[in-house]
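Work through the exercises below with the sequence and the 3D structure open. Try each task before reading its solution.

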Amino acid sequence: MSQMRKDVFSGRWVIVEETTTVRPSDFHFKKFVRETTFCPFCETNEASTPPEVFAIRKPGSRPNGPGWSVRVVPNSNPRLRIEGELGRRGEGFHDLMNGVGAHEIVIETPRHDQNLHELEAGQIADVIRAFVARIVDLERDKRIRYVLAYKNQGEEAGAHTITHAISQLMALPVTPRTVKTKLMIAREYFAQKERCLYCDVLQQELTQGKRLVAENEHFAALAPFASRFPFELLLLPKTHNSAFSRITEVQIDALSRILRDVLRKLNQTLGEPPYNLSLQDRPFLRPRSGYWTTIEEDFHWHLEVLPQITRISGFEWASGFFYNPVPPEVAAKCL
Ligand SMILES: [Zn+2]
Ligand SMILES: [Zn+2]
């Protein structure tokens, strides 16, 4: 079991493991060891994972057997667990609650030898469909406020020791602070101008074109003006929508093509860089969070791709500032 603790100084929530038996030797810094022998995520090894919570399967195939294109399973070593009550409470100055939530693994392909960018667009579309289905299902759990969907590609980006192509999904009882900050800024902009900040930025970037990396009928990929990381990318739907789960089939098709396209460009330009990919979605609209009255109009869901080719130093951790040696205009040109 874990606890969620709130830092009184920064407002940040931290997941802290509840254990009294820590062996310091377990935390000795060690080089990344790759699991080379057995992979629980490969087709025919389905029995090695917890039972699937979602899969896209060939007609006639059985759950937890072969015959799938995408499979979602609970993480066998989760940071948060779905059982139990939240038990929100205080301890003097400090706020904490039980580590209730869900931690799931989206297995992006039955094959061991392919990365996300090497998949066909149709296969990437199935991965997107799996995320939609899981988010729609988790929204029914009233304890959950937010689902964070993300991918760690490469060891420097915190990837799993197993090299099979996967992404992850963390269902949280609180909205992450980084998302909250974005929501507040979007709401303030909307209050002043009665327009969506993301729609406005997208319009300007499409007109100027100097930071545009790729574009199709429904999506645009750009290098954000204040990119924190070299070759950072922002993918935006061209039609305003606050919630990713309302994506249409036509948009799924377009998103799978542009995502494949930009990931291939990154890999061609930077030689298989480690990266983090995340979905920045709106939180679930719970009765208690009624203070986001304009969220449907002011927030615009998007994807972030953050290549991890520079090291985060003490300066970044301490200040929250980032130093980026590659201007986004140059990154856009290279890509
Ligand atoms: Zn595998
Ligand atoms: Zn918008």
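**Exercise 1. Find the domains and describe how they meet.**

Step 1. The protein is divided into domain 1 (1-18 + 32-174) and domain 2 (176-335), with bounds that come from an automatic or database domain assignment. The model is predicted: local features need pLDDT of at least 70, side-chain atom pairs count only at pLDDT 80 or more, and totals for chains, interfaces and linings use all residues. Residues are numbered from 1 along each chain as its sequence is written, while chains are lettered from A and ligands numbered from 1 in the order in which they are written.

Step 2. Taken over C-alpha atoms, the centres of domain 1 and domain 2 are separated by 21 Å.

Step 3. Contact links 28 residues of domain 1 with 28 residues of domain 2; two residues are in contact if their C-beta atoms, placed from the backbone, lie within 7 Å. On the side of domain 1 that touches domain 2, the largest share, nine residues, comes from α1.

**Exercise 2. Describe helix α1 and its surroundings.**

Step 1. Helix α1 covers residues 121-139, which is 19 residues. Helices (H or I, at least four residues) and strands (E, at least two) are DSSP runs, numbered from the N terminus.

Step 2. From first to last C-alpha, α1 reaches 27 Å, close to the 27 Å expected at 1.5 Å a residue. The expected span is 1.5 Å times one less than the number of residues.

Step 3. Among the buried residues of α1 are I124, V127, F131 and L138. A residue is buried if 20 or more other C-beta atoms lie within 10 Å of its own, exposed if 12 or fewer, and partly exposed in between, with C-beta atoms placed from the backbone.

Step 4. The buried residues of α1 pack against several strands, including β3 (54-57) and β4 (68-74), and against α4 (249-270). α1 runs at about 35° to β4; axes are lines fitted to C-alpha atoms, for helices over the stretch in contact, and angles run from 0 to 180 degrees between N-to-C directions.

**Exercise 3. Trace the sheet of 10 strands and its β10 end.**

Step 1. This open sheet has the order β3-β4-β7-β9-β8-β13-β14-β12-β11-β10, with antiparallel pairing. Two strands pair if DSSP finds at least two bridges between them.

Step 2. β3 and β10 (212-215) each have a single partner strand, so one side of each is left without a neighbour in the sheet.

Step 3. A hairpin of three residues joins β10 to β11. Three bridges pair β10 with β11 (residues 219-222): E215 is the bridge partner of A220, and L212 that of L222.

Step 4. β11 runs antiparallel to β12 (residues 233-237), joined by four bridges. One of the bridge pairs is F219 with P237.

**Exercise 4. Locate the largest nonpolar core.**

Step 1. A nonpolar core is a set of buried Ala, Val, Leu, Ile, Met, Phe, Trp, Tyr and Cys residues joined through C-beta atoms within 7 Å. The largest one has 65 residues, and V106, L233, L235 and V262 have the most contacts inside it.

Step 2. Domain 1 and domain 2 both give residues to this core, so it lies between them.

Step 3. Not counting residues up to four places away in sequence, V262 touches V213, A214, A221, L233 and V305.
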